[in-house]
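Here are some exercises to work through with the model open beside you. Try each task before you read its solution.

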Amino acid sequence: MTPRLPGSHDARDLIVPQLSGAIEGTGDNVWIEVIQKMDEVYTDLVDSQTALEEQNARLEEAQDFIGSVLGAMTDVLVACDTDGRIQQVNPALEAIVGKRERTLIGRPIAELFQEKSQAVVTGFLQTLRSGEGIEQRDVSLAASDSQNALISTICTARRDHRGRLVGMVLVGRPVGELKRAYRDLDAAQAKLTRTQQQLFVSEKMAALGRLVAGVAHELNNPISFVFGNMYALKRYGSAITRYLTASDENKSPEEMKELRKDLKIDQVLRDIGPLVDGTLEGAERVRDIVQELRRFSSNQQEQPEEFNAVRLIHTAADWVIKAQRVKPEVLLDLPDTLEMTGRKGQLHQILVNLVQNAADVLDGRPDGQILLSGARQGEDIVIKVADNGTGISDAHRDKIFEPFFTTKPIGTGTGLGLYISYNMAAKQGGSLSVENRPAGGAEFILRIPADVRTES
Ligand SMILES: Nc1ncnc2c1ncn2[C@@H]1O[C@H](COP(=O)(O)OP(=O)(O)OP(=O)(O)O)[C@@H](O)[C@H]1O
Ligand SMILES: [Mg+2]
């Protein structure tokens, strides 16, 4: 059956009775043909209407889709014609300016913006008309939501199917929030830097405090030693003076003998030598401590010179070992000579520090061993100082090269040995690292360019 248009009659109901009355005597065949033709036309009409309805539905769907996309956008969107009259805006823009789309359509686009930005926006249109591209710009909307007024915009030309300019689309991202977040971040970072500097200063003060405490303790011993000796010498001096004065007064040998006994002159003469030696030793210790301090603060540049590193390793080890109460065994794995050009004084100091640390960890042990090896590896001289001590625990591994890190009691270590050695090695283009030996104990590996003049 032919489908009916809604509310319509069958074509034959309308036409046939009228025509049959109007054209008398026409044959039945003709009527049948006419009716068939009309049926065809009618069917086409119905088909067209169905297609139209389908297209309408698709259009509505497309519109819904575009509407939902525009609604979902957090960026603002404005479309206008070539005269700058608003044609469409999205809900994000409506929310910021506080106006509905229907009140905006047909209004000049510039009205959406604060006065200072209006010229920029109208300028966009002119630029598009002249066929140039538009850079991203920051402009301010005349917003009821002032926090989001500032937007970073991009404008593009809108063209019809023949490519003619028909308007402009402006898309903008609210950046106020972002800028504020950046400002907050900046402020937070500045605060952090200040706090860090304060921390650094207080850390430095604490470090200085530790150093002073350590140094004061170290100085205290030899100085009280020197003081005590000097008082004794003073007493001895007056005893000797009294004795010599008496000898000038023509006293009898018996009286002189008595006086010599009373003034303990023989004991004084016996003691003077060791007292002077002890005082000298104390003074030397003070001198050494001051030199140690200097090594911490000194930045004087030493000039490179040619020398044999093997000799240097020997002297560094001798210096340290001689001062040890219980001497560890020193095993050497060295070639006859290792010629190099470098800062001899600094290298010597690094070696003394490393050997001293090894000797310290082995202190008092009868089976202590220090192994010193050296070889040329390519452009470098590699010197290893190993011991059979405790090794370095994982917890300390990252800290031992830090200034003032020490596990030694106050007065015995400042915690600067490795810190200074590490920096000296690095300054010469070399490196200082540490490993624990599989058999136990630590191994410090010093790598120094064989010729520092080729460095930097
Ligand atoms: N060979 C080693 N074996 C085990 N631990 C070591 C060894 N060498 C260094 N350490 C550890 O590293 C710490 C830091 O050494 P560093 O030479 O910097 O300072 P220090 O020896 O304590 O004092 P200073 O050298 O200033 O007199 C030591 O206190 C010790 O704990
Ligand atoms: Mg040390």
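Buried means under 20% relative accessible area, exposed over 50%, and partly exposed in between, with a 1.4 Å probe and protein chains only as cover. This is a predicted model, in which local features need pLDDT of at least 70 and side-chain atom pairs count only at pLDDT 80 or more, while totals for chains, interfaces and linings use all residues. Residues are numbered from 1 along each chain as its sequence is written, chains are lettered from A and ligands numbered from 1 in the order in which they are written, and side-chain values use heavy atoms, without hydrogens and water.

**Exercise 1. Classify Ala 283 and find its place in the fold.**

Step 1: Locate Ala 283 in helix α8, residues 265-297. Helices (H or I, at least four residues) and strands (E, at least two) are DSSP runs, numbered from the N terminus.

Step 2: Take the relative accessible area of Ala 283, which is 40%, so the residue is partly exposed.

Step 3: Look across to Val 226, which is 57 residues apart from Ala 283 in sequence but 7.0 Å apart in space, C-alpha to C-alpha.

**Exercise 2. Work out how the buried residues of α9 are arranged around the helix axis.**

Step 1: Check the helix itself. α9 (residues 309-322) has 14 residues and spans 20 Å from its first C-alpha to its last, close to the 20 Å expected at 1.5 Å a residue; the expected span is 1.5 Å times one less than the number of residues.

Step 2: List the buried residues: Ala 309, Val 310, Leu 312, Ile 313, Ala 316, Ala 317, Val 320 and Ile 321.

Step 3: Look down the axis of α9: these buried residues fall within an arc of 160°, so they line one face. The arc is that of the directions from the helix axis to the C-beta atoms.

Step 4: Turn to the face away from the buried side, where the exposed residues Arg 311, Trp 319 and Lys 322 are found.

**Exercise 3. Describe the surroundings of ligand 1.**

Step 1: Count the shell. Ligand 1 is surrounded by 19 residues, and the closest are Asn 357, Thr 406, Thr 407, Lys 408 and Thr 414; a residue is near if one of its heavy atoms lies within 4 Å.

Step 2: Sort the shell, which divides into 8 nonpolar, 9 polar and 2 charged residues.

Step 3: Find the elements. α10 (344-361), α12 (417-427) and β12 (442-449) each supply at least two shell residues.

Step 4: Inspect the atom pairs. Polar side-chain atoms lie 2.8 Å from a ligand 1 oxygen for Asn 357, 2.5 Å for Thr 406 and 2.5 Å for Lys 408.

Step 5: Finish with the area. Taken alone, ligand 1 exposes 590 Å², and the protein buries 91% of that; accessible areas come from the Shrake-Rupley method with a 1.4 Å probe.

Technical notes. Polar contact = N/O pair within 3.5 Å; in protein donor to acceptor, adjacent residues only side chain to side chain. Nonpolar A, V, L, I, M, F, W, Y, C, P; charged D, E, K, R; others polar.
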